[in-house]
Amino acid sequence: MNQIQALQFGFKNFLKVPWILRPGPLVSLRLSASSMSSKRTISSSSKPISAMAEEKTEGKRLKALVDSTPDCVKPVLKENGMESVSVGIASFKDNPETIEKMTVQELRTTLRSNGLSAKGRKSELVSALKLFVEKINGESSQKEEEAECLHEENQVQNVSIVSEVHELRKSNRASKQSGVEANAVQFDLIAVTTKQNSSVESVEVSGGKLSKKKRTMSSETISAKADRKDETSMMQNEPWTMLAHKKPQKDWIPYNPRTMRPPFISSDTKSVKLLSWNVNGLRALLKLDGFSALELAQREDFDILCLQETKLQEKDVEKIACLIDGYHNSFWTCSTSKLGYSGAAIISRIKPLSVKYGLGMEDHDSEGRLVTAEFDSFYLVCGYVPNSGDGLKRLSYRTTEWDPSLSNYIKELEKSKPVILTGDLNCAHQEIDIYNPAGNKRSAGFTIEERQSFETNFLSKGFVDTFRRQHPGVVGYTYWGFRHGGRKTNKGWRLDYFLVSESIADQVHDSYILPDVHGSDHCPIGLVLKL
């Protein structure tokens, strides 16, 4: 066989080596020295003896390198007519400096065997191999980091569950203290310590192989079982318990009368309970199926009921004057300038000392918006403040005439005894009092003029918003428009108030909302005052 035939034969066998044609993950092979020496070599007889001696010496050095790293040996390849060895990646994992000591031939062989380019000077080859080793190590450490993150997430989840258990217990105690046993939410809490097993995959590099291993990680978790309705059911049956606001502050919470009302006052403490409600047409309310004024009175056991927007005419009053058995004192005012419009009333089982209708000013009293009852220790003013109307047609009248007149009136009453002003005051005072403040800046009831008037004529004059004082960060609405079905999603306004003189503000035991009472686009509000 001549030299050309020998070269062709060797090249054909060289092409049969499968790993040369398949770049990708390396397969670790253990090759003995004898198997290496059995490989056929092809040399040119025309080479000088000195060159052949150098090649022989190089082959011995490579053999010694293989023997010193038995787990990291790569397939034997032919490179320029002589045997060469591709050094395994794992040998560089803990000692990357060995890359610097490799020859150019070793560097090229190792790079090619990993499917990488082997072109360039030695410094470039060293850099390419180092980057490849760093990439392999990075993938392994990333898997370990993911496992660690999973462990940390489990710990955070455990802390969250423990916090929820404490909150549920706290809520349960508050419900029991409130005395509302029939409607209180009962929580069945079961704290259980469990072992939770999680399988985490880790990647190890050994002998040039990327191997996956599973290890079991256990963590202690505390679970709580609460017998309560899910959020969807809660939203349908009690939408007011879900926080509804376009721009809520982080510390705001929804008003829930079942959990936020204080315990009942003992029978030994003298007190009076008042209820106020814009009924949006009393006759229509009384015709509703399922509504009973008597049942409402029995449930709430109020002493005095104030109504606004009754829409009654004087001829209708006699028919329903005795609306509720046991409440024999009722006082009604009706609109005379526009029939079936406005109207207000006070219905009481306590006989007042005196009663007055209107502000005593003809320009304001024809719409039947105000009734005042004097009792032993306070004046009660039931009012229905004019709405600024579509297009804000009555905004100027409301803010420059009505509000100042009403303010002067109650301040005059206050000279003899404290005053309680209640009713639909037609103003959402702050952004917390309306679902969509940004979208209603020019809507009647939330204009800057009305809000400033409310502040100037009432709050700055020494009258206290009892609900807001008791619940400073609580979102509670009293009005939901029929047009957009806002009550189902709790997208409402707080337009109804109990304002009291500062002198009796500390006697307020409870200022509350009854969002579960239907029949109007407003709901009733209540006040319990110690006497």
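**Exercises on salt bridges and burial**

At 73% relative accessibility, Asp 506 counts as exposed in this predicted model.

**Exercise 1.** Determine with which residue Asp 506 forms a salt bridge, and where in the chain the two partners lie.

*Solution.* Step 1: The partner of Asp 506 is Arg 469, and their closest N and O atoms are 4.0 Å apart. Step 2: The pair connects distant parts of the chain, for Asp 506 belongs to the loop between strand S16 (496–501) and strand S17 (508–513), while Arg 469 belongs to helix H15 (residues 466–470), 37 residues apart. Step 3: Arg 469 is partly exposed, its relative accessible area being 44%.

**Exercise 2.** Classify Arg 369 and Glu 367 as buried or exposed.

*Solution.* Step 1: The side chains of these residues, Arg 369 and Glu 367, meet in a salt bridge of 2.6 Å, N to O. Step 2: The cut-off for buried is under 20% relative accessible area. Step 3: Arg 369 has 2% and is therefore buried; Glu 367 has 13% and therefore also counts as buried.

**Exercise 3.** Describe the surroundings of Val 272.

*Solution.* Step 1: Val 272 is located in strand S6 (residues 271–278). Step 2: With a relative accessible area of 2%, Val 272 is buried. Step 3: Leaving aside residues up to four places away in sequence, Val 272 touches several residues, including Ile 304, Ile 350, Phe 378 and Leu 529. Step 4: The C-alpha atoms of Val 272 and Phe 302 are separated by 7.8 Å, although the two residues are 30 residues apart along the chain.

Terms used:
Residues are numbered from 1 along each chain as its sequence is written. This is a predicted model: local features need pLDDT of at least 70, side-chain atom pairs count only at pLDDT 80 or more; totals for chains, interfaces and linings use all residues. Side-chain values use heavy atoms; hydrogens and water are left out. Helices (H or I, at least four residues) and strands (E, at least two) are DSSP runs, numbered from the N terminus. Buried means under 20% relative accessible area, exposed over 50%, partly exposed in between (1.4 Å probe, protein chains only). Contact means heavy atoms within 4.5 Å.
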